[in-house]
Amino acid sequence: TDEWLNSAYLFSEKLQAKRVENGAVIIPRQPELDVKVEDGNILIEQENRDELKAGKIEEFMIWVNHAAALWFHNNSIPALFRTQEGDSDFVIPNCESFDPVVLWNTLKVMRKTSVGADFGKHYSLGVIGYTQISSPLRRYSDLLLHRQIKAYLDQQPFMSQEELNRRVMISDIAVNHAEDTMKDRERYYILKYLKQQQKSSEVIFDGVVVDSGLTEVNFYVDFLCSFRHCRKPNFDVSPGMKIKVKVNQIDLFDSIIRFDIRKS
């Protein structure tokens, strides 16, 4: 019912506020590309990852995973805990909508998540104790932890930490290979789509500069929902500057795309 959904929404807001109190990093996320091939036609659309229902469901999943981590820890059951160190001095700018510059600067200071036997704080999520047993991706590691819970409830022996780590290490090889194949496939069709567009006219997108070095400039391409880089142009650039991004070279065989940027 609408009343139930409204209650769930309000509760998810309180849960997120609790994480923010604990130092969680909450910023609007970048959209994602949805690439499809239908009847030989390549369709590229953007999906808003901060859509209301997706964001609130994710909030509940975070707390389910946090509760599971506490349960594993309190019952001394081997698990795959996720921890992340962080910089308490880093101040996140307040922004209501997705800002490429804010995300870029946040990613530069964000440290990598570690997975293992150690129970501790996950900095960006703002919780002490985190694992993954609830995932729409149905990871194999989720299944392993489900089996740990089942073994405990059935009063059967559960896997040791060494056995958990061994199984995850083996599965990660297959998972990484599958993810690389998926990314290569998506990249191929994106490049093929852009190649087709080049036949009729120049391919130019809106973009935003996020960082600039001595010889290169990093920028965000709105259409591609991703960060890219190219040689520094012959005009001054600075973070937050709006630009036009021109697609220059596309090589489908080597999966290469090169850009130039122009003043907006």
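Predicted model: local features only at pLDDT ≥ 70, side-chain atom pairs only at ≥ 80, totals over all residues.

Trainee: OK, is S76 buried or exposed?
Mentor: Exposed is the word for anything over 50% relative accessible area. S76 passes that cut-off, so the call is exposed, at 61%.

Trainee: And what is the phi of S76?
Mentor: Keep in mind that S76 is a residue other than glycine.

Trainee: Let's zoom out. How many helices and strands does the protein chain have?
Mentor: For scale, the C-alpha trace spans about 65 × 45 × 40 Å along its principal axes. The chain has 264 residues, of which 36% count as buried. As for the elements, the count is five helices and 11 strands.

Trainee: What share of the contacts joins residues at least 24 apart?
Mentor: Take the contacts between residues at least 6 apart in sequence. Among those, the share joining residues at least 24 apart is 63%.

Trainee: Now the helices. How are helix 4 and helix 5 oriented relative to each other?
Mentor: Helix 4 covers residues 140-153 and helix 5 covers 161-198; their axes come within 10 Å and cross at roughly 155°. Angles over 145 degrees count as roughly antiparallel. Helix 4 and helix 5 are therefore roughly antiparallel.

Trainee: Which residues make that contact, and what is the handedness of the crossing?
Mentor: Helix 4 brings Y140, S141, L144, L145, R147 and Q148, while helix 5 brings L164, R167, V168 and S171. By class, that contact has five nonpolar, three polar and two charged residues. The crossing of helix 4 past helix 5 is right-handed.

Trainee: What about D154, where is it and how accessible is it?
Mentor: D154 lies in the loop between helix 4 and helix 5. At a relative accessible area of 40%, D154 is partly exposed.

Trainee: Which residues touch the most other members of the largest nonpolar core?
Mentor: Start with who supplies this core of 31 residues. Strand 1 (32-38), strand 2 (41-47), helix 3 (100-109), helix 5, strand 7 (204-212), strand 8 (216-221), strand 10 (242-251) and strand 11 (256-263) each supply at least two of its residues. Another core, of 13 residues, lies apart from it and has A69, I77, A79 and L144 among its members. In the largest core, the residues you want are L194, F219, F259 and I261.

Trainee: Beyond four places in sequence, what does L194 touch?
Mentor: Set aside the residues up to four places away from L194. What remains is V203, F205, F223, L224, I250 and I257.

Trainee: And C230, how far is its C-alpha from that of D260?
Mentor: C230 is in strand 9 (residues 226-231), and at 5% relative accessibility it counts as buried. Leaving aside neighbours within four places, C230 contacts T215, E216, V217, F219, F259, D260 and I261. D260 is 30 residues away along the chain, yet the C-alpha separation is 6.4 Å.

Trainee: Last one: is R19 buried or exposed?
Mentor: R19 lies in helix 1 (residues 2-21). Beyond four places in sequence, R19 is in contact with A24, I26, E59, I62, W63, S124, L125, G126 and V127. Its relative accessible area is 3%, so R19 is buried.

How values were computed. Residues numbered from 1 in each chain as written. Heavy atoms only, no water. Axes fitted to C-alpha atoms, helices over the stretch in contact; angles between N-to-C directions. Helix = DSSP H or I, 4+ residues; strand = E, 2+ residues; numbered from the N terminus. Parallel < 35°, antiparallel > 145°, perpendicular 65-115°, else oblique. Left-handed = near helix turned anticlockwise from the far one by under 90°. Contact = heavy atoms within 4.5 Å. Nonpolar A, V, L, I, M, F, W, Y, C, P; charged D, E, K, R; others polar. Core = buried A, V, L, I, M, F, W, Y, C linked by side-chain atoms within 4.5 Å. Buried < 20%, exposed > 50% of the residue type's maximum accessible area, 1.4 Å probe, protein only.
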